[in-house]
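Colleague: I am new to this one. Could you walk me through it, starting with a single side chain?

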Amino acid sequence: MKVKDIDETKQPLLEHLIELRRRLLWCVVVLAVAFGLCLWQARPIFAFLAQPLAEAFGHNQGRLIYTKLYEAFFVQVKVSVFAAFFLAALMLSFPILATQLWRFVAPGMYAKEKKAFLPFLLMTPLFFGVGAAFAYFVAMPWALHFLLSFQGDVGGVNQEALPGVGNYLTFVTRFLFGFGTAFLLPILLMILERAGLVTREQLAKSRRYAIVAAAAVAAVLTPPDVVSMLMLLVPLYGLYEFAILAIRVTHWRAARRAARSNPADVSEAQTREGPEAPPGGGRVGGSGPI
C-alpha cells in the first residue's frame with residue numbers, strides 16, 4: 001500500500017482543535033466501554049492478578065484482608081480502571097485508539113515520516129505486553145517469594161504477612177506498568193534517533209550513564225526491594241543495547257538499499273574501501289564491549 005505524501009489542505013487552528021476534540025471523545029468513549037466491561041468482570045480479573053501471590057503463599061495459605069468496609073469495593077473499581085487502560089486497551093481498544101491518533105497526526109506528516117512512525121506505533125502494544133508478561137510470570141513470583149521469606153519466628157514472635165487488597169493492587173500495578181513502560185525503551189530511542197535528537201555513536205558512548213539511569217528508573221518503578229530493582233535493571237539495560245543494535249542494523253539495511261539503487265556508487269565505494277561488511281563486524285556499539 002502506497003503511503004500518500006503530506007496532505008496539502010489547510011485548516012485554521014479552530015478546525016484543528018475541533019478535530020482533536022472529536023478524536024479525544026472517541027478515545028474516552030472506547031475507554032468508558034472498556035471500563036464497563038472490566039467492572040462486570042472485576043472479580044475474575046483481580047483473581048488473575050492475585051494468582052502470583054497465591055502461588056507464593058502456597059496452596060490454601062494466602063490471605064488478602066481489608067480493614068475498611070468500603071476498601072474492597074474501591075479495589076474493584078481500581079481494578080476496572082487498571083484493566084481498561086492496560087488489558088482492554090492493549091487487546092481490544094488499542095486499535096481504535098491508535099487509529100484515532102494516526103488520523104489526527106498523519107495529515108501533517110510527509111510520506112517518509114509516515115513510513116517511519118507507523119511501525120513504531122504498531123510495535124508499542126507488542127513491547128508493552130512483553131514487558132508486562134515478563135513482570136507477571138518472572139519478576140513478580142521472584143519478588144513475592146523473596147518478600148514472603150521474612151515470615152516465621154522472630155525472637156519467639158510469629159511474623160506473618162497479611163497484605164491488604166489495596167496495597168497488593170498497588171504492588172501489582174506498579175510492577176506491570178513499570179515493566180511495560182520500561183520495555184518501550186528501544187522504541188523511544190529509535191524514534192529519537194530517527195528525529196535526529198541523538199545518534200547511535202552518542203548512545204554507544206553513554207553506556208555508563210545508561211546504567212545509572214536504568215538503576216534510577218528501576219528504583220522508582222519497582223517496590224523498594226533489591227530483587228525487584230535488579231529484575232528491572234538487567235532487562236532495561238539489555239533493551240538499551242538492543243536499541244543500539246537495531247539502529248545499527250537499520251542503517252546498514254538502508255545503506256544496502258541505497259547501494260543497490262546506485263550500482264556505480266557501489267563499485268566505486270568497494271574500490272576505495274574494500275568489500276562490504278556486516279554491521280559492526282560483530283560489535284554492537286562504537287565504543288566498549290556490550
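Colleague: Is F179 buried or exposed?
Modeller: This is a predicted model, so the values are computed from it. Buried means under 20% relative accessible area. F179 has 1% relative accessibility, so F179 counts as buried.

Colleague: Which class of aromatic pair do F134 and F179 form?
Modeller: A pair of aromatic rings is described by the distance of the centres and the angle of the planes. Here the centres are 5.8 Å apart, with 40° between the planes. Planes under 30 degrees apart count as stacked and over 60 as edge-to-face. The F134 and F179 pair is therefore tilted.

Colleague: How many residues apart in sequence are the parts that this pair ties together?
Modeller: F134 lies in helix α6. F179 lies in helix α7. The pair therefore ties together parts that are apart in sequence by 45 residues.

Colleague: Is F134 buried or partly exposed?
Modeller: The cut-off for buried is under 20% relative accessible area, and exposed is over 50%. F134 has 26%. F134 is therefore partly exposed.

Colleague: Which residues do ring pairs link into a cluster?
Modeller: The count comes to 14 aromatic pairs. F134 and F179 form one of them. Ring pairs link a cluster of F46, F134, Y168, F171, F175, F179 and F183.

How values were computed. Residues numbered from 1 in each chain as written. Predicted model: local features only at pLDDT ≥ 70, side-chain atom pairs only at ≥ 80, totals over all residues. Heavy atoms only, no water. Phe/Tyr/Trp six-rings, centres within 6.5 Å; stacked < 30°, edge-to-face > 60°. Helix = DSSP H or I, 4+ residues; strand = E, 2+ residues; numbered from the N terminus. Buried < 20%, exposed > 50% of the residue type's maximum accessible area, 1.4 Å probe, protein only.
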